[in-house]
Amino acid sequence: MAKKKIIVVDDSRTAREQIIAALAGGDYQIVEAIDGNDGLVKIKDNTDASLVICDVNMPNKTGLEMLTEHRASPAGHIPTVMLTAEVQPELLQQAKRAGAKGWIVKPFKPELLMATVRKLIGDVAVST
């Protein structure tokens with residue numbers, strides 16, 4: 001069975017590494033993007049992705065700008081979770097209106113991220 005693909009969009013290499021480490025137990029294929037512009041390119045090149053995880057504050061194109069463009073694109077069906085240090089209710093409402101399926105605040109708990117990912121892409125947790 002093919003691994004489900006997740007696109008991680010964050011300008012911080014450390015943040016991308018933390019997200020990837022949190023998802024390591026899920027056996028996902030991770031595609032990294034360094035800002036909103038790169039994120040749109042990676043989404044266009046990976047329309048078979050199951051999920052996008054995106055920061056809000058990034059250079060060149062913010063996460064909200066990327067989300068708005070992504071949702072209007074042919075790959076707009078791919079759900080997006082915003083993972084950010086931002087806590088302003090106005091930004092959360094903007095993200096919801098733009099089509100975000102979730103909002104997780106950094107620093108995040110890896111188990112919360114994994115649970116959110118599994119819920120949105122339909123993975124069943126494996127019990128041990």
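This is a predicted model: local features need pLDDT of at least 70, side-chain atom pairs count only at pLDDT 80 or more; totals for chains, interfaces and linings use all residues.
User: Which residue stands opposite valine 8 in E3, and how many bridges join E1 and E3?

Analyst: Valine 8 stands opposite isoleucine 53 in E3, and the two strands, E1 and E3, pair in the parallel sense over 4 bridges. Valine 8 also has a bridge partner in E2, namely glutamate 32, and E1 and E2 (residues 29-33) run parallel, joined by 5 bridges. Isoleucine 53, in turn, stands opposite valine 81 in E4, where E3 and E4 pair in the parallel sense over 3 bridges.

User: How does the chain cross from E3 to E4, and what is the handedness of that crossover?

Analyst: A crossover is called right-handed if, with the strands pointing away from the viewer, the path from the first strand over the helix to the second runs clockwise. Here the chain passes from E3 through H3 to E4 in a right-handed β-α-β crossover, and E1, helix H1 (residues 13-23) and E2 likewise make a right-handed β-α-β unit.

User: Which residues of helix H3 are buried, and where on the helix do they fall?

Analyst: A residue is buried when its relative accessible area is under 20%. In H3, which spans residues 63-71, the buried residues are Gly63, Leu64, Met66, Leu67 and His70. Seen down the axis of H3, these residues fall within an arc of 160 degrees, so they line one face of the helix. Among the elements that cover them are strand E1 (5-9), helix H2 (36-45), strand E3 (51-54), strand E4 (80-84) and helix H4 (89-98).

User: In E3, which residues point one way and which the other?

Analyst: Leu51 and Ile53 point one way from E3, whereas Val52 and Cys54 point the other way, and all of them are buried.

User: Which residues have the most contacts inside the largest nonpolar core?

Analyst: The largest nonpolar core has 22 residues, and those with the most contacts inside it are Ile7, Val9, Ile43, Val52, Cys54, Met66 and Met82. The elements that give two or more residues to this core are E1, E2, H2, E3, H3 and H4. A second, separate core has 16 residues, including Leu51, Leu83, Leu113 and Val117.

User: How many salt bridges are found in the whole structure?

Analyst: Side chains of opposite charge can pair when their charged atoms come close. A search of the whole structure finds 7 salt bridges. In one of these, the side chains of aspartate 27 and lysine 3 meet, at 3.3 Å from N to O. Aspartate 27 lies in the loop between H1 and E2, while lysine 3 is in the segment before E1, so the pair ties together parts that are 24 residues apart in sequence. Both partners are partly exposed, aspartate 27 at 48% relative accessibility and lysine 3 with a relative accessible area of 46%.

User: With which residue does arginine 16 form a salt bridge, and is arginine 16 buried or exposed?

Analyst: Arginine 16 forms a salt bridge with glutamate 32, the closest N and O atoms being 2.8 Å apart. The pair links distant parts of the chain, arginine 16 in helix H1 and glutamate 32 in strand E2, 16 residues apart. Arginine 16 is buried, with a relative accessible area of 8%, whereas glutamate 32 is partly exposed at 37%. Leaving aside residues up to four places away in sequence, arginine 16 touches Val8, Asp10, Asp11, Glu32, Ala33 and Ile34.

User: Which residues are linked with Lys106 in a network of salt bridges?

Analyst: The network of salt bridges links Asp10, Asp55 and Lys106. Lysine 106 forms a salt bridge with aspartate 55, with the closest N and O atoms 3.6 Å apart. Lysine 106 lies in the loop between strand E5 (102-105) and helix H5 (110-121), and aspartate 55 in the loop between E3 and H3, so the pair ties together parts that are 51 residues apart in sequence. At 7% relative accessibility, aspartate 55 counts as buried.

Technical notes: Residues are numbered from 1 along each chain as its sequence is written. Side-chain values use heavy atoms; hydrogens and water are left out. Buried means under 20% relative accessible area, exposed over 50%, partly exposed in between (1.4 Å probe, protein chains only). The arc is that of the directions from the helix axis to the C-beta atoms. Contact means heavy atoms within 4.5 Å. Two strands pair if DSSP finds at least two bridges between them. A nonpolar core is a set of buried Ala, Val, Leu, Ile, Met, Phe, Trp, Tyr and Cys residues joined through side-chain atoms within 4.5 Å. A salt bridge is a side-chain nitrogen of Lys or Arg within 4 Å of a carboxyl oxygen of Asp or Glu.
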